[in-house]
Amino acid sequence: MSELIRVAVDAMGGDNAPGEVIKGTVEALNASQEIEVFLVGDQAAIEPFLSKYEYDKARLTIVHASEVISNNEPPAIAIKKKKDSSIVVAQRMVKEGKADAFVSAGCTGAVLVGGHLIVGRIKGIERPALAPLIPTLNGFSLLIDCGANVDAKPSNLVQFARMGSIYMENIMGRKNPKVAIVNIGAEEEKGNALVKAAYPLLKECKDINFVGNVEARDIPNGDVDVVVCEAFVGNVILKMYEGVANALIGKIKETMMSSLKTKIGALLIKDELKNTLKAFDTSDYGGAPMLGLKGLVVKTHGSSKSKEIKQSILQCIAFKQQDIPGKIAAAITVKDEPASEEA
């Protein structure tokens, strides 16, 4: 058997922890023989849930962590003070080479700060970025950045584009992926100061397939593979995307159940409708990798159920096997930079 991919999972993170996190972890173990999992958190809280399931016990270890970082704590302070929190303990495992990846549905700010201070940036990377896959008519696109850098510089957007291209080509199999920057129009001269400054830099970048601007309304068409923006815009797009999808799905279900006629119609197209709606289920894509770090950090929704936890763990396999940090490091021109601060 090839070497196992070791994933440290934050058992205490998220609205549905530890129950759904543990369930998703077991489902991932049972779905793949290629992973080994470390459940990081309060052992006394984990064990009762774990005892409900059948799994390969040789590939799962509980790593006790006595503290939890909540969403209402200042992330930087919490990371420095709560050294025995599940987030800090698990990310230190990645830094020390005891784990290949970290998955968490916990406090986003703490996961991001920990990624910077504990796991550390790849040399030459100015700002790591969160990059979720979003469903489109052509399958999916990568949205980068969606939450890590609300005040980005033009050079940051260029690095986001390059990292996103590497991820889409090597993990998702998109050859020469099309890259576009989010703007309020298709014309090159449009946009705010950030977009106007970034556009010519992206245009000159020879190692990406930059195709120009993309308007938010055109993103769901799937005409581009990598959608580049700073985190404020990216997070608004992502949240709007999820909200509209949930509203439409809810309205479709309501309409289908509104009368005898629509119920008969729903029964006739049930399988086709289920497949169509499944294509827009973001939980199938797992979490958002934090690209630009020395190791893999995956942030899933705080409301994640077992399915998304499972997919987030399984996506770590290809990331490790394809050596995405190594490919990103090789693609980035190294410049003089201050040493990373350690937690």
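1. Let's start with Arg6: its side chain makes a salt bridge to Asp100, with the closest N and O atoms 3.1 Å apart. Arg6 sits in strand β1 (residues 5-10), while Asp100 is in the loop between α4 (86-95) and β4 (101-104), so this pair ties together parts 94 residues apart in sequence. Keep in mind that this is a predicted model.

2. How do the two partners score on accessibility? Arg6 is partly exposed, at 21% relative accessible area, whereas Asp100 counts as buried at 14%.

3. Next, Asp225 and Arg174. Their side chains meet in a salt bridge at 2.5 Å, N to O. Asp225 belongs to the loop between β9 (209-214) and β10 (226-228), and Arg174 to the loop between α6 (154-170) and β8 (178-182), so the pair links parts that are 51 residues apart in sequence.

4. Is this second pair buried or exposed? Asp225 is buried, with a relative accessible area of 11%, and Arg174 also counts as buried, at 19%.

5. Back to the Arg6 pair for a moment: through salt bridges that share partners, Arg6, Asp100 and Lys320 are joined into one network.

6. Then there's Glu96 with Lys98, whose side chains form a salt bridge at 3.2 Å, N to O. Glu96 is partly exposed at 47% relative accessible area, and Lys98 is partly exposed at 47% as well.

7. For the overall tally, searching the whole structure turns up 11 salt bridges, among them Arg6 with Asp100 and Asp225 with Arg174.

Definitions and conventions
Residues numbered from 1 in each chain as written. Predicted model: local features only at pLDDT ≥ 70, side-chain atom pairs only at ≥ 80, totals over all residues. Heavy atoms only, no water. Salt bridge = Lys/Arg side-chain N within 4 Å of Asp/Glu carboxyl O. Helix = DSSP H or I, 4+ residues; strand = E, 2+ residues; numbered from the N terminus. Buried < 20%, exposed > 50% of the residue type's maximum accessible area, 1.4 Å probe, protein only.
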